[in-house]
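Hi there,

Here is the structure I promised to pass on. Please have a look at it first, and then read my notes below.

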Amino acid sequence: MPSSILFLGSGGARFVVARQFRASGGMWMRFGETQIHVDPGPGALVRALAHVPPCNPRELAAIALSHKHLDHAADATPMIEAMTSGGFRRRGVLLAPADALAGEPTVLPYAQRFVERVERLGPHGGPYRIEDVELRTSIAHEHAVETYGMHFTYGELRVSYLPCGRYFDRLAADYAAHEPDVLVVNVLRFEDAMKVDHLTWPEARRVVDEVRPRVAIFQHFGTKMLEQAPERLAQQLEDDLGIRVIAARDNLLVDLDTEVAAVVA
Ligand SMILES: [Zn+2]
Ligand SMILES: [Zn+2]
């Protein structure tokens with residue numbers, strides 16, 4: 001069965017999400033029969049259902065959050081309702097850092113009870129089994145809230161997702177150790193004098209250069225990244241590194257088997 005990632009959004013950061021310059025529906029991943037929705041931000045449910053052909057929340061095996069910020073988690077509760085038929089069919093797995101589930105939770109507690117299993121993510125956690133997929137978490141990211149990357153394994157295919165957070169020395173090594181075929185990287189900022197909570201484009205390049213996936217996909221763009229035309233930056237990096245580099249757009253469907261096979265050949 002084929003594997004793919006459908007980008008129900010490719011935007012990040014407050015302004016882009018607030019104005020919906022780019023959508024913020026997260027990634028709908030398919031590994032054969034196993035479907036996982038990662039980071040359902042604002043509009044995720046509407047985007048999923050409006051897609052042609054539609055993504056069916058009742059077929060989801062899991063909903064996974066990298067962290068509790070609303071651009072990654074706002075639609076987690078409506079998506080759980082959709083996955084569980086309004087709570088009438090208890091099913092599926094919810095994976096999220098502990099601070100997204102308690103305290104000031106971004107997944108409402110009543111909906112947490114609708115799923116069959118809740119996994120509280122921590123650093124270097126797992127493997128968590130989601131049907132045919134195994135998920136492990138990354139090193140803790142340096143971000144304002146608990147944030148973890150995700151390493152998915154499905155048969156021979158390895159896909160890693162590097163969510164928001166600032167650059168630090170051991171970050172790339174943690175992802176390199178998992179030897180992903182495909183690496184999805186959130187890059188909000190083009191460049192920055194001040195140290196903020198997100199990767200800049202030069203830092204994202206550096207991470208990809210160190211991890212050396214077969215295919216790198218960038219997403220979660222802020223205003224300054226969008227001004228720089230992410231497709232152009234991706235093409236430059238592809239020429240520089242000799243790996244496949246893709247800049248996500250809203251509703252982009254990446255067929256993982258085809259992309260990985262094209263690089264191997
Ligand atoms: Zn974000
Ligand atoms: Zn964030």
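A residue is called buried under 20% relative accessible area, exposed over 50% and partly exposed in between (1.4 Å probe, protein chains only). Please keep in mind that this is a predicted model: local features need pLDDT of at least 70, side-chain atom pairs count only at pLDDT 80 or more, and totals for chains, interfaces and linings use all residues. Residues are numbered from 1 along each chain as its sequence is written, chains are lettered from A and ligands numbered from 1 in the order in which they are written, and side-chain values use heavy atoms, with hydrogens and water left out.

Let me start with the metals. The zinc ion (ligand 1) is held by Asp 71 (OD), His 72 (NE2), Cys 164 (SG) and His 220 (NE2), at 2.1 to 2.8 Å. Donors here are N, O and S atoms within 2.8 Å of the metal (3.2 Å for Na, K and Ca); water is not among the atoms, so sites may look incomplete. Along the chain, these donors follow the spacing D-H-x91-C-x55-H. Asp 71 sits in helix H3 (residues 70-73) and Cys 164 in the loop between strand E10 (157-162) and helix H7 (171-176), so the pair links parts of the chain 93 residues apart. Helices (H or I, at least four residues) and strands (E, at least two) are DSSP runs, numbered from the N terminus. Cys 164 is buried, at 1% relative accessible area, and Asp 71 is buried too, at 17%.

The zinc ion (ligand 2) lies 3.7 Å from the zinc ion (ligand 1). Its protein donors are His 67 (NE2), His 69 (ND1) and His 143 (NE2), 2.1 to 2.2 Å away, with the spacing H-x1-H-x73-H. His 67 counts as buried because its relative accessibility is 0%, whereas His 69 is partly exposed at 26%.

Now for the sheet. Seven strands form an open sheet in the order E6-E5-E4-E3-E2-E1-E14, with mixed pairing; two strands pair if DSSP finds at least two bridges between them. Strand E6 (117-121) and strand E14 (253-255) are the edges, each pairing on one side only. Within the sheet, strand E1 (residues 3-9) and strand E2 (residues 24-31) are antiparallel over 6 bridges, and Leu 6 stands opposite Trp 28 in E2.

Enjoy exploring the model!

Best wishes
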